[in-house]
Amino acid sequence: MTGLPDAEGSRAVLIGVHRYDTLDDLPAVEQNLTGLRDVFTDPALWGLAERNCLLVRQPASARTILDTLRKAAAEATDALIVYFAGHGLTDPYTDELCLALPDTDPEHSYTALRYEDVRRVVMHAGGGAHRKVVILDCCYSGRALVGGMSATEQVADQAVVDGTYLLTASAETRKALAPPGEPYTAFTGELIHTLAEGVPGGPALLDMETVYRRLHVRLTARSRPIPQQRNRNAGGAIALVRNTAAPELSPPPPRAARRSRHPLDDVHEGVMQLAFQIARTLGPTGGLARYTAPDGTRRTTADPAVLCQATAEPRTDAELGADLIRRLVRRMRTEHSDGAATAAVMAQAMISTALDMVRHDVISPARLRTELAESGEWAVRLLRGRAVEIARKEQLQQVLTAATGDPDGAAALAEAADKIGKEGVIFLEERERPGLELELHEGMFLPANPGDPGPPSAFTLTEPYLVVLTEPSPDAVRQRLGEQERPVVVLTPADDAPAVLVQAFGEHRWEQLLPSANPLGTLDDLALLIGTNLRRGDPVVVPEITVDASGVRIHHEYRGDMDGIHRRINDLRAAASAAPTAAQRVGIKLRMAQIAGGVAIIRMGPALGEPEEDFRTRMDVLVRAREAMPALIDEGFVDGGGSALRAVAGDLAGAPPPGLAPMVLGVGLSTPLIRLGTDCGLNPGQVQEAIGGASGATGLDVRTGRPVAMAEAGIIDSVAVLAGAVTAAIATTREFLALA
């Protein structure tokens, strides 16, 4: 087997699984595929045409892999290369080698791809390929010893194919397979280095036997798992690349520009590592991502904010890159309560594209930063131009269901918003009983502390006197109203607590403190509503006052100056927008709801058998949805977030602002839909083909993998959240470029 394989008559199929549902994720695997592709397609090394080097990322099923292999094997007339990186398993009954797919359950080997099926396709390649190389970079999480044979030997023995060369790497832990801070897995990183940099003193063409010996030395020296090889019929003599470290006997073909190390590469790797973790949680079918808790235990979460917890300031460039993503997630959580995964996915794609442009001196970082700011505003305007007004409670419920994954909680939030309006305030409280209860309060409602038992029994006062004072003086009130038969309720600021003191006199005597961030402001609002003077404390007859464990509800008539009431609401709205802390913002919004006459309480309990941690997570998700709801009501929705963003990318391509920024934005805006399509087993071309080929379809339902009319299917997203995600992703990309 002399000479290099014919680049036109050869095929390479590079398969990688970096995200798993139940096994540990292997983020570096995705870099493995691009690294090997760059080596094989480099004219100075081999020059395999890119169309002949197939990347199979996150295969949806065993059939996806086998169909791709069969096609490549049928087309190959010289060399066929098959590479797999991910987790490997051994069948506990047959000792068979199985390659783990994204949804593989390690307890059930039938959910993985049997290597025997791969071997048969390679062995019976119909295109006449006479050089066959199989490379397995497998990591094990289960039983690996059978019959006294080491895991590595077992894999190599089982995987060998007649007339091929087989190279395997067996790593029993994730750490051995993917060392922290390194762009590739341990074995593939050394393989790429050896193929790209060559072997000093080796032959002019690097045969697989020479490559193996070099890997053996380098991996042993670094105390990493030792590779194994098997070959038959001179398979070890197969050469795939030129040895760049060998003396040049004749001028080689022009060498492709090798990617030099850029000062931002380490920062970029930090961005990639954390963004890949967060991408697992994207969309309604987003999975769980694994992380290390502060106590050192391994846990799972669907919350990007949990993945972004950091205990120390960044010390390396890679940590600085990860910190860019952490700040993006915090920004999305603070300003929009949702959309962090979408923003992180877009930012990662924009940063990668921007770095590629800067690396090749296509544009300066400073110029690209300026263009991104200008083009970003244009993209956000295009996105907002697609918004549709929330006209029905059902539309609001659809968006909230998509955002929370909790239909019951979303229904309660939508019902509450429909009753109390966007100025109202919704409280979410825990209860011990399972299920959910919605409690609506009209009029001025002063909530009690959760858990406060309240009066021995609820009572309602009909047409009582209501007295609102700036200072406690119940004795003077009683003396003034002593001859009255009506019951009297006095509201004053508490002496030593941020609360309103409620005192009832008459048949029902009761005294209670109700928490308030601004007691005087709350009382002044009430005085404005009922048309009394707060300083004089003139008594006013109101229709009804109800006191129970939830608080005090005052049914009143609007006797005050309506223009003054409207001005007060607008002043409170402006103050809430400018409030420096979330606690202050909540307090002001409660005053706004009280004066506008709308407060709702949603009480939730854990489902039967639901773990406490899961219940807390569900509550947190609903709280975030509640915070995002006013902007959703104000600004409307778009048909499917991923589809809407992809449509804006198309709009930019059709009539873009000048410069290169629209290209960066187009890649970022398209990536969420591409990610979602990948989860359905579809590549980008297949996603667009599926949507374009279905009548009336505007996007992809990732729950079924089918093209649908998004709005009709109830798949709609908040334009405010999406616009915020675009803005945040652009800002993060500009921060990255500022480090150049």
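1. Contact here means heavy atoms within 4.5 Å. On that basis, take the contacts in the protein with a separation of 6 or more: residues 24 or more positions apart account for 71% of them. The model is predicted.

2. The overall make-up comes next. The protein has 23 helices and 28 strands. Of its 740 residues, 52% are buried.

3. Helix 13 covers residues 393–404 and helix 14 covers residues 407–420. Their axes come within 8 Å and cross at roughly 140 degrees. The crossing of helix 13 and helix 14 is right-handed.

4. Which residues make this contact? Helix 13 supplies Lys 393, Leu 396, Gln 397, Leu 400, Thr 401 and Thr 404. Helix 14 supplies Pro 407, Ala 410, Ala 411, Leu 413, Ala 414, Glu 415, Ala 417 and Asp 418. By type, the residues of the contact between helix 13 and helix 14 split into 8 nonpolar, 3 polar and 3 charged.

5. On aromatic pairs, a search of the whole structure finds 1. Phe 40 and Trp 46 form it, edge-to-face. Their centres are 5.9 Å apart, with 80 degrees between the planes.

6. Are Phe 40 and Trp 46 buried or exposed? The cut-off for buried is under 20% relative accessible area. Phe 40 counts as buried because its relative accessibility is 1%. Trp 46 is buried too, with a relative accessible area of 5%.

7. Another ring to check is that of Tyr 465. The charged end of Arg 486 sits over this ring, 5.8 Å from its centre.

Definitions and conventions: Residues are numbered from 1 along each chain as its sequence is written. This is a predicted model: local features need pLDDT of at least 70, side-chain atom pairs count only at pLDDT 80 or more; totals for chains, interfaces and linings use all residues. Side-chain values use heavy atoms; hydrogens and water are left out. Axes are lines fitted to C-alpha atoms, for helices over the stretch in contact, and angles run from 0 to 180 degrees between N-to-C directions. Helices (H or I, at least four residues) and strands (E, at least two) are DSSP runs, numbered from the N terminus. A crossing is left-handed if the near helix is turned anticlockwise from the far one by less than a right angle, and right-handed if clockwise. Ala, Val, Leu, Ile, Met, Phe, Trp, Tyr, Cys and Pro count as nonpolar, Asp, Glu, Lys and Arg as charged, and the others, Gly among them, as polar. Rings of Phe, Tyr and Trp (its six-membered ring) pair if their centres lie within 6.5 Å; planes under 30 degrees apart count as stacked, over 60 as edge-to-face and the rest as tilted. Buried means under 20% relative accessible area, exposed over 50%, partly exposed in between (1.4 Å probe, protein chains only). A charge sits over a ring if NZ of Lys or CZ of Arg is within 6 Å of the ring centre and within 35 degrees of the ring normal.
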